[in-house]
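User: I would like to go through this structure and ask what stands behind the terms used for it.

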Amino acid sequence: MSRIAAFIDRDGTLIYDRHYLADPEQVELLPGAAEGLRLLRRLGYALVVVTNQSGIARGRITQDEYDQVAARLDAILEAHDAAVDLTLYCPHHPDFTEPCECRKPGLGMYRKAAAQLDLDLARSLYIGDKLADVQPAVALGGAGWLVRTGYGASVEHDPGLPAKTRCADDLADVATQVSRQSAATNAPEELDAGGAGS
Ligand SMILES: [Mg+2]
Ligand SMILES: [Zn+2]
């Protein structure tokens with residue numbers, strides 16, 4: 001059976017947004033990031049980082065710099081017992097390269113991850129601090145979650161925010177709210193199981 005996934009934006013959601021981050025020394029987790037990843041994993045979600053990195057197309061960061069930053073983030077997450085299953089990035093920008101299907105809110109990265117990890121996109125979470133991070137939930141049928149870290153607090157009242165988008169203070173708060181929802185959904189089953197055993 002296909003797995004459920006949490007698609008998580010990088011800059012402003014997992015780590016501080018340093019604008020065209022090129023220096024691995026500047027990779028720093030946001031409060032609640034590692035905790036949120038661990039809880040989402042316990043809830044059964046595959047963890048997939050999806051990040052637009054137009055700095056590569058713009059010539060602001062090199063491929064090698066991106067790779068070093070990505071490796072540093074992987075190492076930090078590993079050290080926090082919060083390693084992710086897959087990281088995908090879009091190095092394009094339509095003003096500088098050909099248009100592409102991977103730049104969020106395009107669906108290319110989600111479809112690629114789904115094919116690679118056998119994911120059920122309609123039951124997955126689309127988490128980030130910008131409209132482009134939560135908009136894919138509308139097309140794919142999952143749940144969009146806006147975090148108030150990064151740009152999120154200013155996006156919360158944007159009229160373009162899809163109506164069903166949920167809001168949370170940070171990634172840990174997303175995971176906690178999702179956990180409560182799934183507990184509420186599963187409660188009748190648990191009661192049945194308890195009744196049968198007593
Ligand atoms: Mg972001
Ligand atoms: Zn792209």
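Analyst: Helix α3, residues 63–79, has 17 residues and spans 24 Å from its first C-alpha to its last, close to the 24 Å expected at 1.5 Å a residue. The model is a predicted one.

User: What makes Val69, Leu73 and Leu77 of α3 buried?

Analyst: A residue is called buried if 20 or more other C-beta atoms lie within 10 Å of its own. In α3, Val69, Leu73 and Leu77 are buried. Seen down the axis of α3, the buried residues fall within an arc of 75 degrees, so they line one face of the helix. The cover over these buried residues includes α1 (33–42).

User: Why do residues three or four places apart point the same way in an α-helix?

Analyst: Because an α-helix has 3.6 residues a turn.

User: Which residues of α3 are exposed on the other side?

Analyst: Gln63, Asp64, Asp67, Ala71, Glu78 and Ala79 are exposed there. After α3 comes Asp81, with a positive phi near 50 degrees.

User: How do you know that β1 and β4 pair?

Analyst: Pairing requires at least two bridges. Strand β1 (residues 5–8) and strand β4 (residues 125–128) have three bridges, in the parallel sense, so they count as paired. Ala6 stands opposite Leu125 in β4.

User: What is the order of the strands in the open sheet, and why are β3 and β6 said to stand at the edges?

Analyst: The six strands run in the order β3-β2-β1-β4-β5-β6, with parallel pairing. β3 (86–90) and β6 (166–168) each have a single partner strand, so one side of each is left without a neighbour in the sheet. Neighbouring strands are turned by 25 degrees against each other on average, direction ignored. Helix α4 (residues 108–117) lies across β1, β2 (46–52) and β3, at about 150 degrees to β3.

User: Which residues have the most contacts inside the largest nonpolar core?

Analyst: That core has 48 residues, and those with the most contacts inside it are Ala6, Phe7, Val48, Leu125, Ile127, Trp145 and Leu171. Among the residues that Ala6 touches are Leu40, Tyr45 and Leu47.

User: Why is Gly150 called buried?

Analyst: Gly150 has 24 other C-beta atoms within 10 Å, and the cut-off is 20 or more, so Gly150 is buried. Gly150 lies in the loop between β5 (143–147) and α7 (152–155), and touches Asp11, Gly12, Thr13, Asp17 and Asp129, leaving aside residues up to four places away in sequence.

Notes: Residues are numbered from 1 along each chain as its sequence is written. Chains are lettered from A and ligands numbered from 1 in the order in which they are written. This is a predicted model: local features need pLDDT of at least 70, side-chain atom pairs count only at pLDDT 80 or more; totals for chains, interfaces and linings use all residues. Helices (H or I, at least four residues) and strands (E, at least two) are DSSP runs, numbered from the N terminus. Axes are lines fitted to C-alpha atoms, for helices over the stretch in contact, and angles run from 0 to 180 degrees between N-to-C directions. Two residues are in contact if their C-beta atoms, placed from the backbone, lie within 7 Å. The expected span of a helix is 1.5 Å times one less than its number of residues. A residue is buried if 20 or more other C-beta atoms lie within 10 Å of its own, exposed if 12 or fewer, and partly exposed in between; C-beta atoms are placed from the backbone. The arc is that of the directions from the helix axis to the C-beta atoms. A nonpolar core is a set of buried Ala, Val, Leu, Ile, Met, Phe, Trp, Tyr and Cys residues joined through C-beta atoms within 7 Å.
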